[in-house]
Amino acid sequence: MNYQESLDFLYHALPMFQRVGAPAFKKDLSNTLKLCERLGNPQNKFKSIHIAGTNGKGSSAHALAAVLQEAGYKTGLYTSPHLKSFRERIKINGIEIPESEVIAFVEDHQSYLSALKPSFFEMTVALAFDYFSKEKVDIAVIETGMGGRFDSTNVILPILSLITNIGMDHMQFLGNTLDKIAFEKAGIIKAGVPVIIGETHPQTAPVFKKKAEENHSPICFADQSVIVTFDGVDQIADQDFKATYQIQPAFGKLRTITLDLLGKYQMKNLPAILKSLERLKEMGMDIRDEDIAEGLSKIKVNTGLKGRWQILGKNPLTICDTGHNTDGFNSIFAQLNEFNPEKLFLVLGMVEDKDHDQILALLPKDAVYIFCQADQPRSLPAEKLMEKARSHGLRGTSIPDVNQALAFAREKAGSSDLIFIGGSTFVVAELNEL
């Protein structure tokens, strides 16, 4: 097998949520457990941090990995979905898993996988754990795919759990109320393992407290003890931007923190990131304040993270972001409004199984819309999205190809305008400039 043949097997022989949605989602860990048993239970051979949440779990995972790398630890990082390359999902110290490892895994286990018929995600999790175990990582940061209780990653026993927040997303799988969704995310809370909760909410806090109590797990609501305020984004060099935050009370010697992730919504993620690092230090990990400051200022450099409030160009300012649910859009547009552009151009695409009306109701009626669609089966056709948008008073044009839609926006926009591309992770993934 070559690498492309290995990928073809993974993508087409096994159900993939990214492509087919609901049929790939299972409320059952048995396949993952069988795969791990076949591999010698690699998930038990390295320390791990487990992260769940509706929004911010990817950014938080990359932030913790960046700091741990800076502190000198050999750090595994498992995230999903990928934007450009399958290998983005599995990294050690920011370096993607080699093609040869993917090929060897498929060759060694193809017959077994064909018989077991695990989902694409179940297989990818097993591959990641096998790779981290073979490479003897000091610690791995593991992001859940969706939910927590039945997520394939939930076969690990981490040294720390982190739940960023709870919002209304994937309701058809996780439940249609915040407390039901919180119950699913709380499934990553393990017996005796400390858990950090990013945001306190009256509907979800009791769910987390109850689960932590049942498991005798120390629990900390990060936003109750750390207050973070956003100072703004400054341009350090031609294409180098940094976001600055104030922390109260001071975190060791740190009162100000600089991130190379520019979305103001990182303000919500930082308390839990900082409390997680504090807890890891209490456990005996050698993490200095300098490592934290340096790691957080180099998240993209250390881990290769893309698509989070990423600036693609200036004159006009062009920004993309992978936020794709109601809470994500609220945060994005709060920051876009601060730019006060002469005209706002939105290149927008969505997947079929989202609450389109709830999201479209949030969007500004005076923006110029270019509706597009990612080239994958779950995409909502651009014409259909445009029709739905019209019922909310949103006007624009339909150009299905993402890059052609961006080119059209750039032709129409002036230097004092702003172009935003988003609505779906898959739309951002197809940008040639990413």
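This is a predicted model: local features need pLDDT of at least 70, side-chain atom pairs count only at pLDDT 80 or more; totals for chains, interfaces and linings use all residues.
Reader: Within what arc do the buried residues of α3 fall?
Author: Take α3, residues 30-38: N31, T32, L35 and C36 are buried there (under 20% relative accessible area with a 1.4 Å probe, protein chains only; exposed is over 50%, partly exposed in between). Look down the axis and they line one face of the helix, because the directions from the axis to their C-beta atoms stay within an arc of 130°.

Reader: Which helices do those buried residues of α3 pack against?
Author: Contact here means heavy atoms within 4.5 Å. The buried residues of α3 pack against α5 (99-116) and α6 (120-134).

Reader: At what angle do α5 and α6 pack?
Author: E101, V102, F105 and L113 in α5 meet a set in α6 including M123, L127 and Y131. The axes, lines fitted to C-alpha atoms over the stretch in contact, with angles from 0 to 180 degrees between N-to-C directions, are 11 Å apart, and the angle is about 125°.

Reader: What does that make α5 relative to α6?
Author: Angles under 35 degrees are roughly parallel, over 145 roughly antiparallel, 65 to 115 roughly perpendicular, and the rest oblique. Therefore α5, relative to α6, is oblique.

Reader: Is H62 buried or exposed?
Author: H62 sits in helix α4, residues 57-70. Beyond its neighbours within four places in sequence, H62 touches L77, T79, I299, T303 and L305. Its relative accessibility is 5%, so H62 counts as buried.

Reader: Which are the edge strands of the six-strand open sheet?
Author: The order is β12-β13-β17-β14-β15-β16, with mixed pairing (strands pair if DSSP finds at least two bridges between them). Each edge strand pairs on one side only, and these are β12 (310-313) and β16 (396-398).

Reader: Which residue of β15 stands opposite L348?
Author: Strands β14 (344-348) and β15 (368-371) pair in the parallel sense over four bridges. Opposite L348 stands F371.

Methods
Residues are numbered from 1 along each chain as its sequence is written. Side-chain values use heavy atoms; hydrogens and water are left out. Helices (H or I, at least four residues) and strands (E, at least two) are DSSP runs, numbered from the N terminus.
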